[in-house]
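Hi everyone, thanks for making time.

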Amino acid sequence: MSKLKHMKLGDILFSIFQYVMLIGASIIALVPVVVCVFTAFKTNDEYAATSVLDFPEHWTYLENFVVAFTKANMGRCFLNTGIVLVVVLTLSILFSSMLAYILNRFRFPGHGLIDNLFTFASLIPGIATQVTVYQIMYSLGLINHLYGYIIVLCGTDIISIYIFLQFFENLPTSLDESAILDGCTYFGIFFKILFPLLKPAIVTSCILKGVSVYNEYYMSNLYLQNANLKTISTALYTFTGPYGNQYNYICAGVLITIIPILIVFLLCQKQIYGGLAAGAVKG
């Protein structure tokens, strides 16, 4: 009896611990968002005179959003980001899936070497190669060009390759053999049979790569120094300076940048959850 009571007490304490950890993690995650929302609706004087956790005096004060959108030229930045995002995702999905198909379905001299090189490349920090990459980009005249920036982003997508490799392992080779017996070419096998079956992997890869590209700041600031080529991640840098940062405009800009992602999530949440759930299961 005492052992049963001890077990029940242990379960209760563990449940309390779980709830405390969940509440603490939620607070840590929500506080920055709440502070950002409060600050976005404050005037310059109000922000300087109040705490970051104080409610704004007027929730209808939208001047910060207007200034952030116009002064940072966010319309142009959204256009640049949209172009980069669409092209990078298209090329990344196409090249990664084709490369994974070759590595999974074919055996050729150097196959193991190429596989090991991809594994080795995934262990190298991206920042460690930027000096060499920048010199190559500069020599080829790709600085301050969207297509140069797109090439750099497409060349750093090792994660997508491994995602597609995992899914190809779950697709039986009998599909390929049956198609070959019917006279289908390897390109036909890939594009007509296997590629449509990769929808969960495509969704998973698009989510990971899309979020990375949308939030990418370092390379965007390094390779797109022209004001007309800025992306949405570097647009907010307009409100920083040596004499201080205009955080009310920055927070308003942050909320503006969240809107497209929120709309995409609300419209495609079924596909997103379905892709992630399918991508989490192997076999």
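**A walk through the model**

Let's start with Leu89, which counts as buried because its relative accessible area is 18%. By buried I mean under 20% relative accessible area, with exposed being over 50% and partly exposed in between, using a 1.4 Å probe and protein chains only. Leu89 sits in helix 4. Helices here are DSSP runs of H or I with at least four residues, strands are E runs of at least two, and the numbering goes from the N terminus. Leaving out residues up to four places away in sequence, Leu89 touches Cys206, Lys209 and Gly210. Contact, by the way, means heavy atoms within 4.5 Å. Leu89 and Leu153 are 64 residues apart along the chain, and their C-alpha atoms are 9.6 Å apart.

Before I go on, some housekeeping. This is a predicted model, where local features need pLDDT of at least 70, side-chain atom pairs count only at pLDDT 80 or more, and totals for chains, interfaces and linings use all residues. Residues are numbered from 1 along each chain as its sequence is written, and side-chain values use heavy atoms, with hydrogens and water left out.

So how confident is the predictor? The chain averages a pLDDT of 83, and 90% of the residues score at least 70; pLDDT is the predictor's confidence in each residue, from 0 to 100. Over residues 279–283 the pLDDT is below 50, and that stretch has eight contacts in the model beyond near neighbours in sequence.

Back to helix 4, which covers residues 74–105, and to Ser97 within it. Is Ser97 buried or exposed? Ser97 is buried, since its relative accessible area is 0%. Its side chain reaches the backbone oxygen of Ile93 at 2.7 Å. That is a polar contact, meaning a pair of N or O atoms within 3.5 Å; within protein, one must be able to donate a hydrogen and the other to accept it, and residues adjacent in sequence count only if both atoms are side-chain atoms. If you skip neighbours within four places in sequence, the contacts of Ser97 are Ser92, Phe164, Phe168, Phe190, Phe195 and Leu198.

How many salt bridges does the structure hold? One. The definition is a side-chain nitrogen of Lys or Arg within 4 Å of a carboxyl oxygen of Asp or Glu. As a reminder, side chains of opposite charge can pair when their charged atoms come close.

Next, helix 7. Its buried residues are Leu146, Gly148, Tyr149, Ile150, Val152 and Leu153. They pack against helix 4, helix 6, helix 11 (199–215) and helix 12 (218–223).

Helix 6 is where you'll find Gln130, which is buried at 9% relative accessibility. The side chains of Gln130 and Tyr223 make a polar contact at 2.9 Å. Apart from neighbours within four places in sequence, Gln130 is in contact with Tyr218, Met219, Leu222 and Tyr223.

Now Ser233, in helix 13 (residues 232–235). Ser233 is buried too, at 18% relative accessible area. Its side chain reaches the backbone oxygen of Glu216 at 2.5 Å, and a polar contact of 3.1 Å joins it to the side chain of Thr231.

Asn73, in the loop between helix 3 and helix 4, has a positive phi of about 55° although it is not a glycine. Asn144, in the loop between helix 6 (130–139) and helix 7 (146–154), has a positive phi of about 60°, and again it is not a glycine. Asn73 is partly exposed at 34%, and Asn144 is partly exposed at 27%.

Last stop, Leu53. It lies in the loop between helix 2 (44–49) and helix 3 (63–71), and at 52% relative accessibility Leu53 counts as exposed. That's my tour, so questions, please.
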